[in-house]
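Subject: Structure handover

Hello,

The structure we talked about is below, for you to look over. My notes on the disulfides and on some helix contacts follow it.

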Amino acid sequence: MIALPALSALLAATLSLEAVAVNPHGALNHVHRDLAHKRQANEAAAAPGASTTSSPSATGTTAAAASSAASVTSAAAPVASSAAAGASSAAAAPAGSADIGTGVYDIPPLASITMGMPSGPVPSLTTTYTPGATPTYIKGAPALPSKFVFSQADWPVLDKLPPTDSTQVKEWLKELDGHDIPDITPTQDGSCVGDPAAAAQAQERAWWTCGAWTAKDDIVACPDKLTWGVSYDDGPSPYSAKLLRYLEDKNLSATFFVVGSRVVSYPDILIDEYMSGHEIAVHTWSHPHLTSLTNEEIVAELGWSRHAIQQVLGITPRYMRAPYGDLDNRVRAISHAMGMTPIIWTNSPAGPFDTNDWHVPGGQVTGEEQLKIFEALLGNATTLDTGFIVLEHDLYEQTVDLAVGYLVDAALKHQPPFTLKAIGECMGYPATDLYVETNTNSSSSSSDGQHSSSAAAGGSGSDTSGASPRTASVLVGAAVAAAVAFAGLL
């Protein structure tokens, strides 16, 4: 995938000049409820503080972006010329026609969804929440904290690896005390090609990047066949508001793996995700390859993202996803010590359940090519004995337009039908167990290496019995070959 600084530059290219100029840049049954009911209940609970505004604006600057911008004093805004360059490419086809995508969401024709496509209207949130509001679907959830106001003095530099000598990181490092953190040397750059020696030890390390090795407590698939675990990485972003409206209209919930630098930039959007009934999980502060970092740097990345979420929402997630899926037993052990269980997208014998939507803003594929990749993925899903978890992104206009206009609709219309759920929901977890402040689950976890493609095909996230044996050398060789082939696309 694309490194976060490059992702931020691409995000700037998709935003209008007006927007980037101010860019802040008993067994418990699952209690997720009908999203429409959640929204109504939360609005009532938030009254009179909650207010409803108009649907996505056609004028450009989003209310969410403007609100966030007003609270951000950092000078870390994307360069406006990047947006100008992106907007100077081929003219966009008319948006919003009933025969385009889903029609009412200002989705361009599929052929127009490409790198550098002209930016469409920036959506706005339809509901805002004030401090003191509580999500009624999570029993005992704390009220939203005071309105978040960003000050650079209180945070690491956006999209940069945080320093490890801060008071906060030193305190978070104490969470590792008493835990067995494997003495695994950091990889060179998180890639198989970049570190052949580490790649040769992929099974021993349980390194997902090279061979899709997992641990028994990794969450890699929904247990029920034909159940789709819906997830979006790298936000929140201004375009997340469009996705949120669509998910609400379709009565769907998703898991959002959020980057700390984006959380402090767009706090109102994160609040809307959470209060609307979606699940929130950690996706680091600056989106690095975690296996390439020291223990202290991993703690800093996870800790600052977790802290950002807690400051904005008042809750602390118990789940995380490593950027690029770059996870090994050392990263796992640190995550578990900090109270977070890793979630990865499903890997099957036919390949990973990565929609490759991120390739479109990166310029590797067009929207049309991406949809073909996605349709092949749907076919692979029917061959599994379990459900599956799918990787999508809400950082860019292109990836949101693909999701809203084409990908989710294709999944909803698929035969045999899929059941789309947020990941915690598909796992049968009570909503209370997703966050530290409301958790009632005291179960422990460990990090014994298993191979996720076998596990997914065999119907279990940890049991590989009955699966076709595949040696570590074959797996690593295939991973290296795939990485070389991908490198040729960049």
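Cysteine 192 and cysteine 210 are both buried. They are joined to each other by a disulfide, with an S to S distance of 1.9 Å. Please keep in mind that this is a predicted model. The torsion about the S-S bond is -130 degrees, and the link between cysteine 192 and cysteine 210 is left-handed. Distant parts of the chain are linked by this pair: cysteine 192 sits in the loop between α6 (167-173) and α7 (196-200), while cysteine 210 sits in the loop between α8 (202-205) and β3 (213-215), 18 residues apart.

The structure has two disulfides. The other one is formed by cysteine 222 and cysteine 426, whose sulfur atoms are 2.1 Å apart. Cysteine 222 and cysteine 426 are buried. Counting bonded cysteines along the chain, the pattern is 1-2, 3-4.

Now the helix pairs. Helix α12 (residues 295-313) and helix α13 (residues 329-337) have axes that come within 10 Å and cross at roughly 50 degrees. At that angle α12 is oblique to α13. Their crossing is right-handed. On the α12 side the contact is made by Asn295, Ile298, Val299 and Leu302, and on the α13 side by Arg330, Val331, Ile334 and Ser335. Sorted by class, the contact of α12 with α13 has five nonpolar residues, two polar and one charged.

Helix α15 (residues 367-381) and helix α16 (residues 397-413) also have axes that come within 10 Å, crossing at roughly 25 degrees. Angles under 35 degrees count as roughly parallel, so α15 is roughly parallel to α16. The crossing of α15 and α16 is right-handed. Helix α15 contributes Gly367, Gln370, Leu371, Phe374 and Leu378 to the contact, and α16 contributes Leu402, Tyr406, Leu407, Ala410 and Ala411. The residues in the contact of α15 with α16 are eight nonpolar and two polar, with no charged ones.

Regards

Note on methods: Residues are numbered from 1 along each chain as its sequence is written. This is a predicted model: local features need pLDDT of at least 70, side-chain atom pairs count only at pLDDT 80 or more; totals for chains, interfaces and linings use all residues. Side-chain values use heavy atoms; hydrogens and water are left out. A disulfide is a pair of cysteine sulfur atoms within 2.5 Å. Helices (H or I, at least four residues) and strands (E, at least two) are DSSP runs, numbered from the N terminus. Buried means under 20% relative accessible area, exposed over 50%, partly exposed in between (1.4 Å probe, protein chains only). Axes are lines fitted to C-alpha atoms, for helices over the stretch in contact, and angles run from 0 to 180 degrees between N-to-C directions. Angles under 35 degrees count as roughly parallel, over 145 as roughly antiparallel, 65 to 115 as roughly perpendicular and the rest as oblique. A crossing is left-handed if the near helix is turned anticlockwise from the far one by less than a right angle, and right-handed if clockwise. Contact means heavy atoms within 4.5 Å. Ala, Val, Leu, Ile, Met, Phe, Trp, Tyr, Cys and Pro count as nonpolar, Asp, Glu, Lys and Arg as charged, and the others, Gly among them, as polar.
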